[in-house]
Amino acid sequence: MSKQAAILLVEDEPHIAQGLIYNLQEEGYQVSHVESGETALEHLREHDCALLILDLMLPGIDGLEVCRQLRQQGNQVAILMLTARGEEQDRIAGLSEGADDYLAKPFNLKEFLLRVAGLLRRSRWQQPPTADRIIRFGCNQIDLNNHLAKTANGQFQLTELEIKILQLFVNNEGKLITRGELLQSVWGLQPDTETRTLDNFIVRLRKYFELDPTKPCHFLTVRGRGYRFSKG
Ligand code: CA
């Protein structure tokens with residue numbers, strides 16, 4: 001995707017919004033800006049966008065609710081959640097509602113722009129649909145055309161990022177995938193970045209696909225190294 005990528009910023013604090021818009025435009029992105037979750041949902045009904053930058057704390061419905069509604073509608077737009085509180089609880093809540101990444105305020109502008117670039121790069125990974133693109137392991141069946149997972153724990157609509165990570169694991173069955181490799185290839189981060197994002201994703205995958213997430217048999221931890229996938 002070129003730098004022309006359309007970004008929708010949902011931020012109610014004018015001085016923060018102005019700073020982000022300025023810097024995103026300096027990078028060459030097209031930015032639209034709204035100040036509430038309701039107007040964001042309205043905007044997305046009318047316009048395509050490659051990335052949604054979503055403040056958690058908003059007047060009216062909050063960022064979590066926006067996420068939830070978009071994913072329920074089957075909208076798979078990449079979402080970067082901005083949280084003011086920086087609480088682990090908020091981050092996990094955001095990610096489990098379908099956000100792809102989060103950044104706690106106050107954040108470093110350079111890191112913000114790196115995350116934006118990373119998410120836009122990933123949204124290009126989506127492959128064109130083909131007739132038979134089904135992943136099966138254990139009691140799980142994932143349709144890559146519509147991102148629908150049917151599992152023993154119920155049906156889940158997966159995000160693009162969840163699909164990407166899942167494919168990476170399945171294509172490397174039995175092999176160690178280090179944290180650094182995942183951070184670099186999936187999030188575009190330096191391999192030694194300290195972040196809980198990856199751990200939160202593994203928690204989500206286990207919640208979807210493991211019969212007992214506390215005793216995983218598919219998404220295995222290799223202590224101190226990373227993870228290994230087994231079809232089980
Ligand atoms: Ca706010």
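This is a predicted model: local features need pLDDT of at least 70, side-chain atom pairs count only at pLDDT 80 or more; totals for chains, interfaces and linings use all residues.

1. Helix α2 covers residues 37-46 and helix α3 covers residues 63-72. Their axes come within 9 Å and cross at roughly 25 degrees. An angle under 35 degrees counts as roughly parallel, and α2 and α3 are therefore roughly parallel to each other. The crossing of the two is right-handed.

2. By class, the contact of α2 with α3 has four nonpolar residues, two polar ones and no charged ones.

3. Next, the metal site. Which residues coordinate the calcium ion? The donors come from D12 (OD), E13 (OE), D55 (OD) and M57 (O), at 2.1 to 3.1 Å. Along the chain, the donors of the calcium ion follow the spacing D-E-x41-D-x1-M.

4. D12 has a relative accessible area of 26%, so D12 is partly exposed. E13 has a value of 31%, so E13 is partly exposed too.

5. Please also have a look at W187, which sits in helix α7 (residues 179-187). Buried means under 20% relative accessible area; W187 has 2%, so this tryptophan is buried. What is W187 in contact with, leaving aside its neighbours within four places in sequence? The list includes the charged residues D100, D101, R121 and R122. Also in contact with W187 are G118, L161, I165, L182, T197, L198 and F201. As for R206, W187 and R206 are 19 residues apart in sequence and 19 Å apart in space, C-alpha to C-alpha.

6. My last point concerns N172, which you will find in the loop between α6 (160-171) and β10 (176-178). With a relative accessible area of 24%, N172 is partly exposed. N172 and T197 are 25 residues apart in sequence, and their C-alpha atoms are 21 Å apart in space.

Key
Residues are numbered from 1 along each chain as its sequence is written. Side-chain values use heavy atoms; hydrogens and water are left out. Axes are lines fitted to C-alpha atoms, for helices over the stretch in contact, and angles run from 0 to 180 degrees between N-to-C directions. Helices (H or I, at least four residues) and strands (E, at least two) are DSSP runs, numbered from the N terminus. Angles under 35 degrees count as roughly parallel, over 145 as roughly antiparallel, 65 to 115 as roughly perpendicular and the rest as oblique. A crossing is left-handed if the near helix is turned anticlockwise from the far one by less than a right angle, and right-handed if clockwise. Donors are N, O and S atoms within 2.8 Å of the metal (3.2 Å for Na, K and Ca); water is not among the atoms, so sites may look incomplete. Buried means under 20% relative accessible area, exposed over 50%, partly exposed in between (1.4 Å probe, protein chains only). Contact means heavy atoms within 4.5 Å.
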